[in-house]
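Please walk me through this structure, with the cut-offs behind each term.

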Amino acid sequence: MDPKYQRVKLNDGHFIPILGFGTYAPEEVPKSEALEVTQLAIEVGFRHIDCAHLYQNEGQVGQAIRSKIADGTVKREDIFYTSKLWSTFLQPELVRPALEKSLKNLQLDYVDLYIIHFPLALKPGEELLPKDENGKMIYDSVDLCHTWEALEKCKDAGLTKSIGVSNFNHKQLEKILNKPGLKYKPVCNQVECHPYLNQNKLLEFCKSHDIVLVAYGALGSQRLKNWVNPNYPILLEDPVLCAIAKKHKQTPALVALRYQIQRGVVVLAKSYNRKRIKENMQVLDFELTPEDMKAIDGLNSNIRYYDLQGI
(Lines give C-alpha, C1' and ligand atoms only; values in the text may rest on other atoms or scores of the structure.)
Protein backbone atom coordinates (compact mmCIF):
# COMPACT_ATOMS: atom_id res chain seq x y z
CA MET A 1 0.00 0.00 0.00
CA ASP A 2 1.19 3.51 -0.84
CA PRO A 3 2.97 4.88 2.27
CA LYS A 4 1.26 8.25 1.86
CA TYR A 5 -2.10 6.52 2.14
CA GLN A 6 -3.01 7.43 5.70
CA ARG A 7 -5.15 5.32 7.99
CA VAL A 8 -6.78 5.94 11.35
CA LYS A 9 -6.91 3.33 14.10
CA LEU A 10 -10.41 2.38 15.21
CA ASN A 11 -11.30 1.60 18.84
CA ASP A 12 -11.46 -2.14 18.03
CA GLY A 13 -7.90 -2.23 16.65
CA HIS A 14 -8.74 -2.21 12.94
CA PHE A 15 -7.61 0.61 10.64
CA ILE A 16 -9.74 2.78 8.33
CA PRO A 17 -8.20 4.71 5.41
CA ILE A 18 -8.69 8.44 6.00
CA LEU A 19 -9.96 9.02 2.45
CA GLY A 20 -12.92 7.03 1.17
CA PHE A 21 -14.72 6.69 -2.16
CA GLY A 22 -18.50 7.25 -1.93
CA THR A 23 -20.57 5.19 -4.38
CA TYR A 24 -24.05 6.68 -4.03
CA ALA A 25 -25.44 7.82 -7.37
CA PRO A 26 -28.71 9.57 -8.30
CA GLU A 27 -31.38 7.32 -9.85
CA GLU A 28 -30.72 8.63 -13.36
CA VAL A 29 -27.15 7.24 -13.32
CA PRO A 30 -27.10 3.72 -14.80
CA LYS A 31 -26.02 0.97 -12.39
CA SER A 32 -23.17 -0.07 -14.73
CA GLU A 33 -21.51 3.27 -13.95
CA ALA A 34 -20.94 2.14 -10.36
CA LEU A 35 -18.87 -0.78 -11.64
CA GLU A 36 -16.68 1.41 -13.86
CA VAL A 37 -16.10 4.28 -11.43
CA THR A 38 -15.33 1.94 -8.51
CA GLN A 39 -12.78 0.11 -10.65
CA LEU A 40 -11.21 3.45 -11.58
CA ALA A 41 -11.20 4.61 -7.94
CA ILE A 42 -9.27 1.49 -6.92
CA GLU A 43 -6.88 1.92 -9.86
CA VAL A 44 -6.01 5.50 -8.87
CA GLY A 45 -5.40 4.51 -5.24
CA PHE A 46 -8.66 4.55 -3.25
CA ARG A 47 -8.71 1.69 -0.75
CA HIS A 48 -11.78 2.67 1.30
CA ILE A 49 -15.08 2.08 -0.52
CA ASP A 50 -18.35 3.29 1.05
CA CYS A 51 -21.65 1.80 -0.10
CA ALA A 52 -25.05 0.76 1.32
CA HIS A 53 -28.05 -1.47 0.69
CA LEU A 54 -30.08 1.70 0.04
CA TYR A 55 -27.88 2.65 -2.94
CA GLN A 56 -29.05 -0.47 -4.81
CA ASN A 57 -25.65 -0.94 -6.47
CA GLU A 58 -23.76 -3.29 -4.14
CA GLY A 59 -23.75 -5.95 -6.88
CA GLN A 60 -21.82 -3.64 -9.22
CA VAL A 61 -19.51 -2.26 -6.51
CA GLY A 62 -18.73 -5.81 -5.32
CA GLN A 63 -17.98 -6.85 -8.89
CA ALA A 64 -15.57 -3.90 -9.24
CA ILE A 65 -13.72 -4.90 -6.04
CA ARG A 66 -13.53 -8.55 -7.08
CA SER A 67 -12.24 -7.67 -10.56
CA LYS A 68 -9.44 -5.54 -9.07
CA ILE A 69 -8.52 -8.42 -6.73
CA ALA A 70 -8.60 -10.86 -9.67
CA ASP A 71 -6.27 -8.73 -11.83
CA GLY A 72 -3.76 -8.35 -8.98
CA THR A 73 -4.27 -4.60 -8.38
CA VAL A 74 -5.21 -5.24 -4.73
CA LYS A 75 -5.69 -8.03 -2.23
CA ARG A 76 -8.97 -8.30 -0.31
CA GLU A 77 -7.26 -7.13 2.89
CA ASP A 78 -6.12 -3.92 1.12
CA ILE A 79 -9.74 -2.86 0.65
CA PHE A 80 -11.81 -1.35 3.45
CA TYR A 81 -15.46 -1.84 2.49
CA THR A 82 -18.38 -0.22 4.35
CA SER A 83 -22.00 -1.31 4.03
CA LYS A 84 -25.03 0.04 5.88
CA LEU A 85 -28.05 -1.52 7.58
CA TRP A 86 -31.14 0.11 6.10
CA SER A 87 -34.01 1.43 8.24
CA THR A 88 -36.45 -1.34 7.28
CA PHE A 89 -34.12 -3.95 8.86
CA LEU A 90 -33.63 -2.50 12.36
CA GLN A 91 -35.63 -5.22 14.11
CA PRO A 92 -32.92 -7.39 15.75
CA GLU A 93 -33.94 -10.59 13.93
CA LEU A 94 -33.62 -8.82 10.54
CA VAL A 95 -30.06 -7.52 11.04
CA ARG A 96 -28.02 -10.60 10.18
CA PRO A 97 -30.19 -11.56 7.15
CA ALA A 98 -29.77 -7.97 5.86
CA LEU A 99 -25.99 -8.18 6.14
CA GLU A 100 -25.98 -11.64 4.56
CA LYS A 101 -28.02 -10.24 1.66
CA SER A 102 -25.44 -7.48 1.14
CA LEU A 103 -22.62 -10.06 1.24
CA LYS A 104 -24.46 -12.17 -1.32
CA ASN A 105 -24.86 -9.15 -3.62
CA LEU A 106 -21.20 -8.24 -3.14
CA GLN A 107 -20.02 -11.87 -3.37
CA LEU A 108 -17.63 -11.13 -0.51
CA ASP A 109 -17.09 -13.18 2.67
CA TYR A 110 -17.14 -10.18 5.01
CA VAL A 111 -17.43 -6.40 5.09
CA ASP A 112 -14.92 -4.28 6.98
CA LEU A 113 -17.53 -2.01 8.52
CA TYR A 114 -21.28 -2.38 8.96
CA ILE A 115 -23.17 0.65 10.24
CA ILE A 116 -26.75 1.55 11.14
CA HIS A 117 -27.71 3.93 8.30
CA PHE A 118 -30.25 6.00 10.27
CA PRO A 119 -31.37 5.96 13.91
CA LEU A 120 -34.93 5.71 12.66
CA ALA A 121 -36.88 2.54 11.93
CA LEU A 122 -39.22 2.12 8.96
CA LYS A 123 -41.83 -0.59 8.49
CA PRO A 124 -40.10 -3.87 7.57
CA GLY A 125 -40.76 -5.27 4.10
CA GLU A 126 -39.64 -5.10 0.49
CA GLU A 127 -40.23 -1.33 0.13
CA LEU A 128 -37.13 0.75 0.89
CA LEU A 129 -39.31 3.77 1.73
CA PRO A 130 -42.68 2.35 2.83
CA LYS A 131 -45.50 4.91 2.54
CA ASP A 132 -49.20 4.89 3.40
CA GLU A 133 -52.02 5.86 1.01
CA ASN A 134 -51.40 9.55 1.78
CA GLY A 135 -47.74 9.31 0.82
CA LYS A 136 -46.56 9.52 4.44
CA MET A 137 -43.65 7.39 5.59
CA ILE A 138 -44.61 4.37 7.73
CA TYR A 139 -42.36 4.17 10.78
CA ASP A 140 -41.63 1.27 13.09
CA SER A 141 -40.66 1.32 16.74
CA VAL A 142 -37.41 -0.41 17.64
CA ASP A 143 -35.05 -0.14 20.59
CA LEU A 144 -31.75 0.70 18.87
CA CYS A 145 -29.89 -0.96 21.75
CA HIS A 146 -31.40 -4.28 20.62
CA THR A 147 -30.43 -3.52 17.02
CA TRP A 148 -26.90 -2.83 18.26
CA GLU A 149 -26.74 -6.19 20.06
CA ALA A 150 -27.61 -7.88 16.74
CA LEU A 151 -24.72 -5.98 15.08
CA GLU A 152 -22.38 -7.17 17.84
CA LYS A 153 -23.38 -10.75 17.00
CA CYS A 154 -22.58 -10.13 13.31
CA LYS A 155 -19.10 -8.98 14.35
CA ASP A 156 -18.63 -12.06 16.52
CA ALA A 157 -19.73 -14.24 13.59
CA GLY A 158 -17.01 -12.71 11.39
CA LEU A 159 -19.47 -11.22 8.89
CA THR A 160 -18.09 -7.74 9.60
CA LYS A 161 -14.78 -6.67 11.13
CA SER A 162 -16.13 -3.48 12.74
CA ILE A 163 -19.52 -1.97 13.58
CA GLY A 164 -20.65 1.64 13.80
CA VAL A 165 -23.45 4.11 13.22
CA SER A 166 -24.48 6.90 10.86
CA ASN A 167 -26.56 10.06 11.30
CA PHE A 168 -26.62 9.68 15.11
CA ASN A 169 -26.61 12.74 17.37
CA HIS A 170 -24.72 12.67 20.66
CA LYS A 171 -27.82 11.62 22.67
CA GLN A 172 -28.42 8.64 20.40
CA LEU A 173 -24.73 7.73 20.64
CA GLU A 174 -24.87 8.00 24.43
CA LYS A 175 -27.79 5.59 24.50
CA ILE A 176 -25.60 2.92 22.85
CA LEU A 177 -22.49 3.81 24.89
CA ASN A 178 -24.43 3.57 28.18
CA LYS A 179 -26.18 0.34 27.25
CA PRO A 180 -25.85 -2.29 30.01
CA GLY A 181 -23.64 -5.14 28.82
CA LEU A 182 -22.20 -3.21 25.87
CA LYS A 183 -19.72 -5.53 24.15
CA TYR A 184 -18.37 -3.26 21.38
CA LYS A 185 -18.49 0.52 21.12
CA PRO A 186 -19.39 2.02 17.74
CA VAL A 187 -16.10 2.61 15.91
CA CYS A 188 -17.52 5.51 13.93
CA ASN A 189 -20.39 7.90 13.33
CA GLN A 190 -20.88 8.85 9.68
CA VAL A 191 -22.60 12.24 9.32
CA GLU A 192 -23.01 15.14 6.93
CA CYS A 193 -19.98 17.34 7.54
CA HIS A 194 -18.43 20.18 5.52
CA PRO A 195 -17.21 23.76 6.13
CA TYR A 196 -20.81 25.08 6.35
CA LEU A 197 -21.68 22.32 8.88
CA ASN A 198 -18.42 21.49 10.62
CA GLN A 199 -20.00 19.39 13.43
CA ASN A 200 -17.41 20.67 15.92
CA LYS A 201 -19.42 19.71 19.04
CA LEU A 202 -20.24 16.24 17.74
CA LEU A 203 -16.60 15.79 16.65
CA GLU A 204 -15.36 16.63 20.15
CA PHE A 205 -17.91 14.26 21.69
CA CYS A 206 -16.86 11.44 19.34
CA LYS A 207 -13.16 12.05 19.95
CA SER A 208 -13.72 11.92 23.72
CA HIS A 209 -15.19 8.41 23.29
CA ASP A 210 -12.62 7.23 20.74
CA ILE A 211 -15.24 7.19 17.97
CA VAL A 212 -14.11 8.28 14.49
CA LEU A 213 -16.25 10.87 12.72
CA VAL A 214 -16.73 10.03 9.02
CA ALA A 215 -17.84 12.93 6.81
CA TYR A 216 -20.27 12.55 3.92
CA GLY A 217 -21.47 15.50 1.84
CA ALA A 218 -17.96 16.89 2.40
CA LEU A 219 -18.13 18.91 -0.82
CA GLY A 220 -21.55 20.36 -0.07
CA SER A 221 -23.77 18.09 -2.12
CA GLN A 222 -24.68 16.91 -5.58
CA ARG A 223 -27.92 18.97 -5.45
CA LEU A 224 -30.03 15.82 -5.47
CA LYS A 225 -33.61 16.98 -5.96
CA ASN A 226 -35.14 14.43 -3.56
CA TRP A 227 -32.82 15.16 -0.65
CA VAL A 228 -31.21 18.55 -1.06
CA ASN A 229 -32.49 22.10 -0.58
CA PRO A 230 -31.67 23.85 -3.89
CA ASN A 231 -31.79 27.33 -2.31
CA TYR A 232 -28.63 26.88 -0.26
CA PRO A 233 -25.36 28.46 -1.37
CA ILE A 234 -22.94 26.27 -3.34
CA LEU A 235 -20.10 25.40 -0.97
CA LEU A 236 -17.41 25.07 -3.64
CA GLU A 237 -18.11 28.63 -4.83
CA ASP A 238 -17.41 30.06 -1.37
CA PRO A 239 -14.93 32.98 -1.72
CA VAL A 240 -12.89 31.94 1.34
CA LEU A 241 -12.46 28.37 0.06
CA CYS A 242 -11.66 29.67 -3.43
CA ALA A 243 -9.00 32.07 -2.10
CA ILE A 244 -7.32 29.31 -0.06
CA ALA A 245 -7.48 26.98 -3.08
CA LYS A 246 -5.85 29.61 -5.29
CA LYS A 247 -3.07 30.15 -2.74
CA HIS A 248 -2.25 26.43 -2.67
CA LYS A 249 -2.84 25.96 -6.43
CA GLN A 250 -5.53 23.37 -5.60
CA THR A 251 -9.28 23.15 -6.25
CA PRO A 252 -11.86 24.28 -3.66
CA ALA A 253 -12.98 20.62 -3.48
CA LEU A 254 -9.50 19.47 -2.48
CA VAL A 255 -9.32 22.21 0.17
CA ALA A 256 -12.70 21.08 1.61
CA LEU A 257 -11.49 17.45 1.74
CA ARG A 258 -8.08 18.39 3.20
CA TYR A 259 -9.81 20.43 5.93
CA GLN A 260 -11.50 17.26 7.22
CA ILE A 261 -8.34 15.16 7.13
CA GLN A 262 -6.43 17.73 9.19
CA ARG A 263 -9.21 17.67 11.83
CA GLY A 264 -8.84 13.89 12.18
CA VAL A 265 -12.08 13.27 10.30
CA VAL A 266 -12.30 10.39 7.81
CA VAL A 267 -13.69 11.93 4.62
CA LEU A 268 -15.70 10.43 1.76
CA ALA A 269 -15.14 11.87 -1.70
CA LYS A 270 -18.13 11.02 -3.87
CA SER A 271 -17.80 11.56 -7.59
CA TYR A 272 -18.81 9.79 -10.78
CA ASN A 273 -16.60 12.18 -12.79
CA ARG A 274 -13.45 10.33 -13.86
CA LYS A 275 -11.22 13.42 -13.85
CA ARG A 276 -12.32 14.39 -10.34
CA ILE A 277 -11.93 10.85 -8.99
CA LYS A 278 -8.23 11.00 -9.95
CA GLU A 279 -7.92 14.58 -8.69
CA ASN A 280 -9.40 13.75 -5.27
CA MET A 281 -6.41 11.50 -4.48
CA GLN A 282 -4.22 14.64 -4.51
CA VAL A 283 -5.71 15.65 -1.16
CA LEU A 284 -2.84 13.75 0.44
CA ASP A 285 -0.19 15.84 -1.38
CA PHE A 286 -0.52 19.23 0.34
CA GLU A 287 -1.23 20.78 3.73
CA LEU A 288 -3.35 23.68 4.97
CA THR A 289 -1.84 26.20 7.40
CA PRO A 290 -3.34 26.84 10.87
CA GLU A 291 -4.61 30.17 9.47
CA ASP A 292 -6.33 28.35 6.60
CA MET A 293 -7.95 25.96 9.06
CA LYS A 294 -9.18 28.83 11.24
CA ALA A 295 -10.61 30.66 8.22
CA ILE A 296 -12.48 27.52 7.11
CA ASP A 297 -13.74 26.93 10.67
CA GLY A 298 -15.21 30.43 10.45
CA LEU A 299 -17.48 29.39 7.56
CA ASN A 300 -19.63 27.19 9.83
CA SER A 301 -23.26 28.29 9.49
CA ASN A 302 -25.14 25.07 10.33
CA ILE A 303 -26.36 24.60 6.76
CA ARG A 304 -27.59 21.04 6.22
CA TYR A 305 -27.80 20.18 2.54
CA TYR A 306 -29.33 16.78 3.21
CA ASP A 307 -32.85 17.19 4.52
CA LEU A 308 -33.50 13.78 6.02
CA GLN A 309 -36.81 14.72 7.64
CA GLY A 310 -38.53 13.09 4.68
CA ILE A 311 -37.55 9.63 5.77
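This is a predicted model: local features need pLDDT of at least 70, side-chain atom pairs count only at pLDDT 80 or more; totals for chains, interfaces and linings use all residues.

Residues are numbered from 1 along each chain as its sequence is written, and side-chain values use heavy atoms, with hydrogens and water left out.

Helices and strands are DSSP runs numbered from the N terminus (helices H or I, at least four residues; strands E, at least two). Helix α2 covers residues 58-70, and its end C-alpha atoms are 18 Å apart. That agrees with the 18 Å that its 13 residues should span at 1.5 Å a residue, where the expected span is 1.5 Å times one less than the number of residues. The buried residues of α2 are Glu 58, Val 61, Gly 62, Ala 64, Ile 65 and Lys 68. They cover an arc of only 155° around the axis, so they sit on the same side of α2; the arc is that of the directions from the helix axis to the C-beta atoms. Buried means under 20% relative accessible area, exposed over 50%, and partly exposed in between (1.4 Å probe, protein chains only). These buried residues pack against α1 (31-44), β4 (48-50), β5 (80-85) and α3, contact meaning heavy atoms within 4.5 Å. After α2 comes Gly 72, with a positive phi near 85°.

Side chains of opposite charge can pair when their charged atoms come close. A salt bridge is a side-chain nitrogen of Lys or Arg within 4 Å of a carboxyl oxygen of Asp or Glu, and the whole structure has 13 salt bridges. One of them joins Lys 155 and Asp 12 at 3.4 Å, N to O. Because Lys 155 lies in helix α4 (residues 144-156) and Asp 12 in the loop between β1 (7-9) and β2 (15-17), this pair ties together parts that are 143 residues apart in sequence. Lys 155 is buried at 16% relative accessible area, whereas Asp 12 is partly exposed at 26%.

Another salt bridge has Lys 175 and Asp 143 as partners, with the closest N and O atoms 3.3 Å apart. Here Lys 175 belongs to helix α5 (residues 170-177) and Asp 143 to the loop between β6 (111-116) and α4, and the pair links distant parts of the chain, 32 residues apart. Lys 175 is partly exposed at 42% relative accessibility, and Asp 143 is partly exposed at 30%.

Glu 100 and Arg 96 form a salt bridge at 2.9 Å, N to O. Both lie in helix α3 (residues 92-106), four residues apart, or about one turn of the helix. Glu 33, Glu 36 and Arg 274 are linked in a network of salt bridges.

Two loop residues remain. Asn 198, in the loop between β8 (188-192) and α6 (200-208), is buried at 3% relative accessible area. A polar atom of the Asn 198 side chain lies 3.0 Å from the backbone nitrogen of Asn 200. Not counting residues up to four places away in sequence, Asn 198 touches Cys 193, Tyr 259, Arg 263, Asp 297 and Asn 300.

His 117 lies in the loop between β6 and α4 and is buried at 6% relative accessibility. Beyond four places in sequence, the residues it touches include Lys 84, Trp 86 and Ser 166. In the unreviewed UniProt entry, the annotation "binding site" covers His 117; UniProt positions are given in the numbering used here, feature names are shortened, and annotations may be inferred rather than shown by experiment.

Technical notes
A polar contact is a pair of N or O atoms within 3.5 Å; within protein, one must be able to donate a hydrogen and the other to accept it, and residues adjacent in sequence count only if both atoms are side-chain atoms.
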